[in-house]
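Please look over the sequence and structure first.

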Amino acid sequence: MSHSTYNIQWNEAQNHIKELLEYEAAPETQKPETDRVSAFQTAAVIYIKYIQVFRKLEECYYQIVHPQKRIVLKHVLDGTMGRLLELKNEMVNLEFSEYHFFDDVLSDMKLTPADIEIPVPRYFTQDNEKDIKDRMKLMAETLAKYRLDETSDKKEEIKMSLEEAIKIIQVHERARQGCLRAKFMREIRAQEEREKMLAMQGASTMDPDVASTIIQKVWKGYSQRNKTLKLREEELIFIGMQPSSDTPTHHKDSPVSKVSKREEERVLIQAQHEREYQDALVNIKEKIREAEGPDIKENMQDQIRQWFIETRDATGKFPDYPSDDEGGSAAIFKTKNGEGGEEGAEGEGGKKKGKKGKKKKGEKKEKKKKGKKKGGKGKEGGGDDEEGFKMVPSMFIPGIEEASSTYEDIWKHRDETENFQQKYDAELIKELKRGEVESEIRVQVDDLMRQELKNLKAALQKDMGKKGGKGSAKKKGGKKKDKKGGKKGKKRQGFDT
């Protein structure tokens, strides 16, 4: 099948997953169920739907050759298998049995038992092929080593003389002849008994014409049945529902062999595209570092210097640089973005405070009413049995939701008309590796800017020391003048008074 066929199948599986997640998150499904039968029916329906999704996803992962799509697919597939195990555990707790009967559910959903068979994912062996081969090789070497030791031990243990060997052969030969003699005598006795029975019954009185008619009837029925089977096979071969007996099913031109051959080719293409993708991860990262690295470094340094200046203007001194444990310069930009986001949130949320306050009051009243109702039920004598069955929160649904959102954001509406061979997407790799390059450059920039900040603080302290020395000299000169003109100062003070 073509690439578009598996893309469509993946899209259908994602739509089913979306419906299942909405159904599981619905308030009706979250309500406790007191009846075990209805609770099992609900869990069984979800379980069967997840099996159908799993079968589609497993086939897509086995045949899709795009390396980046396969990463998302495997994430969804692992989450779906985990959810299947959770639902199986829920059904076991409900029925107290490992075996379940889905006859009613299958008839309602118009499915057959073959539709809910869980195949072993082929990527279990495909992705770990090298490890499996190494393990099998080690086991074969180990077994061969111990088998050689066993055979050598056995050869050493078997020791007998010529007379003992002849005696053993004679015993076995006499036993064989005795068995044949007993069998021959048994046949003779059976023949004698048959002859006695025929003598007691007497000769047959059937007319030869009647006997021949019976024989003809049996033979004609047998031959006609063979002719009918042959005609039926010829008809199936003619309409293409059955391969002819002349051409075997494994013939290279048969549809089955063509499909299997195409699947093997796609597996080889997968491995080739995966190698190209891994090489591209390294090459594109190096290109980004060479082309965009200097600009990224310069922008980071400018932003950090701007932060130095803003902090000095606001507080009168340079700030302390965040440590590596705190995140380095990344913590600076986080605080900046956080302040801006908080201000924007306050500006937008100020208008909605009145409405939210009203809603909260209404919610509180509803909660109080519900609490009173629940309390009344408890007093009537419901106890713990009134709570009923409720599914345990899933550990795999968040992973499924994350992978589904990735599919919705990236792959669902992506235009791939130019990527007919389904190779890696360079733009997605650039987006991924640009962040890694920025984090690596940030470490270098942090070391440089820490040293620069240290130099700035030292220069600022030196300037402050010089200004302090000049100020003290001026103060000393002022004191001498005050002593000389003390009388004048007194006169001035008296004048001011």
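M206, V210, I214 and V218 make up a nonpolar patch on the surface, with about 360 Å² of accessible area together. This is a predicted model: local features need pLDDT of at least 70, side-chain atom pairs count only at pLDDT 80 or more, and totals for chains, interfaces and linings use all residues. Residues are numbered from 1 along each chain as its sequence is written, and side-chain values use heavy atoms, with hydrogens and water left out.

**Surface patch**

- A patch is made of residues with over 30% relative accessible area and no salt bridge; like charges are joined within 9 Å, and nonpolar side chains (Val, Leu, Ile, Met, Phe, Trp, Tyr) within 5 Å.
- I214 sits in helix α9 (residues 208-238).
- I214 counts as partly exposed because its relative accessibility is 39%.
- The cut-offs are under 20% relative accessible area for buried, over 50% for exposed, and partly exposed in between (1.4 Å probe, protein chains only).

**Whole chain**

- The chain has 15 helices and zero strands. Helices (H or I, at least four residues) and strands (E, at least two) are DSSP runs, numbered from the N terminus.
- Of the 497 residues in the chain, 22% are buried.
- The chain's accessible surface is about 38,300 Å², and 55% of that belongs to carbon and sulfur atoms. Areas come from the Shrake-Rupley method with a 1.4 Å probe; for residues, only the protein chains shown count as cover.
- Among contacts in the chain with a separation of 6 or more, 81% join residues 24 or more positions apart. A contact means heavy atoms within 4.5 Å.

**Nonpolar cores**

- A nonpolar core is a set of buried Ala, Val, Leu, Ile, Met, Phe, Trp, Tyr and Cys residues joined through side-chain atoms within 4.5 Å.
- The largest one has 42 residues; W10, L57 and F102 have the most contacts inside it.
- Elements giving two or more residues to this core are α1 (3-25), α3 (36-63), α4 (67-95), α5 (103-109) and α13 (397-411).
- Helix α3 supplies the largest share of this core, 14 residues.
- Apart from this core lies another, of 20 residues, among them F308, I429, V437 and M449.
- F102 touches F40, A44, Y47, I48, M91 and I116, leaving aside residues up to four places away in sequence.

**Salt bridges**

- The whole structure holds 24 salt bridges. Each is a side-chain nitrogen of Lys or Arg within 4 Å of a carboxyl oxygen of Asp or Glu.
- K285 and E440 pair through their side chains (2.9 Å, N to O). K285 lies in helix α10 (residues 255-315) and E440 in helix α14 (residues 426-484), so this pair ties together parts 155 residues apart in sequence.
- K285 is buried at 16% relative accessible area, whereas E440 is partly exposed at 31%.
- R289 and E286 also form a salt bridge (3.0 Å, N to O). Both lie in helix α10, three residues apart, about one turn of the helix.
- K285, E286, R289, K433, E436 and E440 are linked in a salt-bridge network.
- K412 and E408 form another salt bridge (3.6 Å, N to O). K412 is partly exposed at 29% relative accessibility, and E408 is partly exposed at 27% relative accessible area.

**Cysteines**

- How many disulfides are there? The count is zero, using a cut-off of 2.5 Å between a pair of cysteine sulfur atoms.
- C60 is buried, at 0% relative accessibility, whereas C179 is exposed, at 56%.
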